[in-house]
Amino acid sequence: MAKHLVSVLRGTPSWPPPIWLMRQAGRYLPEYRALRARAGDFIALCTTPALAAEATLQPVRRFAMDGAILFSDILILPWALGYGLRFAEGEGPVLPRLEASDIARLDPGRLEAALSPVLEAVGLVRAGLDRDTALIGFAGAPFTVACYMIEGGGSKDHARTRTMAYRQPLDFERLMAVLTEATIASLSLQIAAGAEIVMLFDSWAGVLSPSLFRRFVALPAARIRAALGECFPEIPVIGFPRLAGGLLGMYAEISGVDAVGMDTAADPALVAAEVAAPVALQGNLDPAALLAGGAAMTAEVARIMGALRGRAHVFNLGHGILPETPPTHVAELVSLIRNSADAA
Ligand code: CP3
């Protein structure tokens, strides 16, 4: 029998819904901070199989989520293609600012060897998981990874990226094509190593106009979905085009993903009307409501669960856990979901 999370992602409704949380491994856990201190550097943590596997398992051990998301980062992909990456203390990722001439230097030939510690971690996690917990592999979607490369890190408005898409469309298409194929390779390797679900994080999808969204968010997701479907038809794909708003229905239709992630700003009732079943819906508690906890969190959970009754739903946050979140609130959330009264 399929694991609970996998079966819901394939479109079968279930009550109470399965639950896992974006960034469930991370700085809000004291045991993560200890592991991070041992590894020294964040990239070392991601590329030392025993440490990455341990970080993946920490939240599952504490909270028994239905899914374990591989501990890695979306920027490990450009790093594996030979692109510079470092994590500066307190300011996030720093990369070279991409110029058109850098695109030809991205080297898919080194991908598999560079990702080998990550794939080894996948195997270690699978061996350490109980049989009810599903292992989730992931990648950044090509557009979001391109944003970090073109901006050289995080950005408020992604103006450099959007301008390049209009001004140098051929270069931009070339970069997207390289990243799309590398994403297919990375996800395929993760599945071959033991991932049972994969998720595409398109954190900056919401900054694009509808025409660019179709070209650089929905169509690459469709290409990735189709390529994975050929080799791994049974593996569900979750697409998370964050802040896509009214374009979510179009995204689901064009991409063919099995499940759509809803960000904090999405109204689950509207999304349920726009995205046709059996596509599953994942989300979307505000991470700040989890941080706040108590009655405010309980009310938000009830609203989300009520809006999605009868629908294949995976409970999650609308974005990653905030580092200040008390771990006790996460335990309370999991227990709140698991003890939900039967659906009417
Ligand atoms: O638990 C999990 O969700 C699995 C691991 C995971 C991480 N990053 C670990 C991480 C996943 C799935 C990601 C995805 C990711 N990484 C995204 C997409 C989701 C989103 O948040 O929008 C993005 C945009 C990144 C890029 C990234 N990585 C940034 C901007 C930062 C710095 C900000 C921050 O939170 O520190 C990272 C670093 C990072 N990735 C950390 C973790 C646990 C913190 C590193 C540390 O320990 O200091």
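I checked tyrosine 32: one of its polar side-chain atoms lies 2.5 Å from an oxygen atom of the ligand. I count a pair of N or O atoms within 3.5 Å as a polar contact. Arginine 27 places a polar side-chain atom 2.7 Å from a ligand oxygen. For arginine 36, I also read 2.7 Å to an oxygen atom of the ligand. The protein covers 88% of the 870 Å² of accessible area that the ligand has on its own (Shrake-Rupley method, 1.4 Å probe).

This is a predicted model, with local features needing pLDDT of at least 70, side-chain atom pairs pLDDT 80 or more, and totals for chains, interfaces and linings using all residues. Numbering runs from 1 along each chain as its sequence is written, and side-chain values use heavy atoms, without hydrogens and water.

Next, leucine 333. Which residues does it touch beyond its neighbours within four places in sequence? I found contact (heavy atoms within 4.5 Å) with Ile19, Leu21, Leu285, Leu290, Met297, Val301 and Phe315.

Technical notes: A polar contact is a pair of N or O atoms within 3.5 Å; within protein, one must be able to donate a hydrogen and the other to accept it, and residues adjacent in sequence count only if both atoms are side-chain atoms.
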